[in-house]
Amino acid sequence: MSDVQSNRSGDSPAPRGRVDAVVVGAGFAGLYMLYRLRRLGLSVRVYEAGGGVGGTWYWNRYPGARCDIASMDYSYSFSPELQQEWTWTERYATQPEILRYLEHVADRFELRAHIQLRTRVTAAAFDEATDRWVIRTDDGASVSAGFLIMATGCLSAAKVPDLEGLEAFRGERYHTSHWPHGGVDFTGKRVGVIGTGSSGVQVIPAIAEQAARLFVFQRTPCFSVPARNAPLEAAYESRMKANYAEHRQRARETRAGVIMDVDPRSALEVPPEERERAYQARWEQGGTGFLATFSDVMRSREANETAAEFVRSRIRATVRDPDVAEALSPRGYPLGTRRLCVDTGYYETFNRENVTLVDVKASPIEEITKAGLRTRSAEYALDSLVLATGFDAMTGALTRIELRGRGGEPLTARWADGPRTYLGVAIAGFPNLFTITGPGSPSVFSNAIVSIEQHVEWIAECIAYLRERGFACIEATAEAEEGWVAHANEVAEGTLYPLASSWYVGANIPGKPRVLMPYAGGVGAYRKRCEAVAAQGYEGFSLSRAG
Ligand SMILES: Cc1cc2nc3c(=O)[nH]c(=O)nc-3n(C[C@H](O)[C@H](O)[C@H](O)COP(=O)(O)OP(=O)(O)OC[C@H]3O[C@@H](n4cnc5c(N)ncnc54)[C@H](O)[C@@H]3O)c2cc1C
């Protein structure tokens, strides 16, 4: 187990450190991967660009940030002691609480000694002579590793919009995913928020409470359902903890990694009044369970429209100004095909005197000026500009690293027409490289923690298998990758997702190929497929010995 040496004076031609595995990223995925690899006895180095562990929950410190899957589900299940001893205070934990949890995990399992913070991996190349990866970091160091595991996150590469004049803005500028650690005081300020996706929906009500004026610049209205967040009830907690293992097991077998009570009927076979009552009941319950009101909400355009129209009716009932309500009402894409938002007081915020909705579809943003923002029809003076503009999702964190596989082939070239993987965990031509929640796996269509744990465990078992049998190298075959891509595309075509211009299909990034990146077949079925592949001695992979 050697240390990684730094070479700050310039490029090092040969790696000067050597470890069994490098893991990139120290969020939920990287921390658990490290834990599992250490238990196998591997020397591991984790590189994390941030100044602390936590990933998403280290970076996204904007007011209102919280998870939208119940915390007792949105947490690790691998340690029975941890899940029994940890107590969440709210149904949906806030960012500070989730970050505390992940810091606790890093301490509890003694992970920190293997994590190098404030270090960005800039490049990695597979060396065919040694069957090892050479990984370079932004401090000029390089290391050789037998395995390279990308725990870089699906939503970690921030997207800054290409707006004319952005750099010239004289006020304060923030991106929700790079929020200042000390917080921001908007008291007395004129604030503009660009973006009304999941982060925008969370940050807007919080800023509205503080700012003197808030302008919300909306291009595409979102569908949002109320969170109904509340302090965690002791009775619910003890009920969950009494059956935690069984609950987790059931969750793993579901579509989305969360147990939802799905009405097996079609929305269209139910009389309108009963349908309305069912949607209302889910609306009162809060959370993404709304999508499960009927079995075909995410499969039939017509069924989906009944759910969409219910949400629009709720917007009209909440927002006093009918023109504002109409502007907030999503049309032209099915509900749930852009990430369903979960909010606390989002639509109510637009009844506030100090909040103005600006429809930038109708009147596009022309430029950011020194003093604010100008649309085609008006100018807005701003002290602060908040970009809630999301991420180059799923692939951004991977393609921002100069990754080269066999023959020096860059990943960006292999993925020029969209990401291609085998099971979302491996890439042909990139041996001994694993992607946790990579494109082609359920990832963002699921409770991320369920998907992360499944991938980490599968990868750890795979590495143990290779080591026990003396294999030095594992690589997805081109045929297996081709087959998986074809299968994932076929599954995607049976859903409504391709109908929306969403980040799920890369539509938020100019020039990004349009491909549904997450696997839409559900985590339960996906897990079975991964288990079968392993049980067949890693079917679809070629395994080879050293030399
Ligand atoms: C605001 C917000 C709320 C969310 N809420 C939910 C939710 O309720 N439910 C849900 O299922 N999912 C949610 N997600 C998705 C969330 O990203 C996952 O749940 C989970 O945190 C992902 O963990 P991860 O470890 O895979 O990735 P991340 O937490 O994104 O961690 C990846 C880490 O890799 C580091 N990294 C990336 N590239 C490099 C590099 N080249 N060198 C070094 N380090 C690098 C990053 O700095 C980052 O810290 C949310 C995402 C956001 C942004």
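## Parallel sheet

Five strands form an open sheet in the order 7-16-8-9-12, with parallel pairing. Here strands are DSSP runs of E with at least two residues, numbered from the N terminus, and two strands pair if DSSP finds at least two bridges between them. The edges are strand 7 (172-175) and strand 12 (355-359); each has a single partner strand, so one side of each is left without a neighbour in the sheet. From one strand to the next the twist averages 20°, with axes fitted as lines to C-alpha atoms and angles running from 0 to 180 degrees between N-to-C directions.

Strand 9 (residues 213-218) pairs with strand 12 in the parallel sense over 5 bridges. Q218 stands opposite D359 of strand 12.

This is a predicted model: local features need pLDDT of at least 70, side-chain atom pairs count only at pLDDT 80 or more, and totals for chains, interfaces and linings use all residues. Residues are numbered from 1 along each chain as its sequence is written, and side-chain values use heavy atoms, with hydrogens and water left out.

An open sheet of 3 strands has the order 13-14-15, and its pairing is antiparallel. Strand 13 (365-368) and strand 15 (379-381) are at the edges with a single partner strand each, so one side of each is left without a neighbour in the sheet. Direction ignored, neighbouring strands of this sheet are turned by 15° against each other on average.

Strand 14 (residues 372-375) and strand 15 run antiparallel and are joined by 3 bridges. The bridge partner of L373 in strand 15 is Y380.

## Helix packing

Helix 1 (residues 28-39) packs against helix 14 (residues 448-469) at an angle of about 30°, with the axes 9 Å apart. Helices are DSSP runs of H or I with at least four residues, and their axes are fitted over the stretch in contact. The angle makes helix 1 roughly parallel to helix 14, a term for angles under 35 degrees. The crossing of helix 1 and helix 14 is right-handed (the near helix is turned clockwise from the far one by less than a right angle).

## Cavities

The model has 5 cavities of 30 Å³ or more. A cavity is a set of points, on a 1 Å grid over the protein atoms alone, where a 1.4 Å probe fits but cannot get out; its volume is the space filled by probe spheres set on the points, which are joined across faces, edges and corners.

The largest cavity has a volume of about 120 Å³. Of the 14 residues lining the largest cavity, P419, G440, A488, L516 and M517 are the closest to its centre; lining residues have an atom within 4 Å of a point. The lining comprises 10 nonpolar, 3 polar and 1 charged residues (Ala, Val, Leu, Ile, Met, Phe, Trp, Tyr, Cys and Pro count as nonpolar, Asp, Glu, Lys and Arg as charged, and the others, Gly among them, as polar).

How values were computed
On a 1 Å grid over the protein atoms alone, a cavity is a set of points where a 1.4 Å probe fits but cannot get out, and a pocket is an open set with protein on both sides within 12 Å along at least five of seven lines; lining residues have an atom within 4 Å of a point. Angles under 35 degrees count as roughly parallel, over 145 as roughly antiparallel, 65 to 115 as roughly perpendicular and the rest as oblique.
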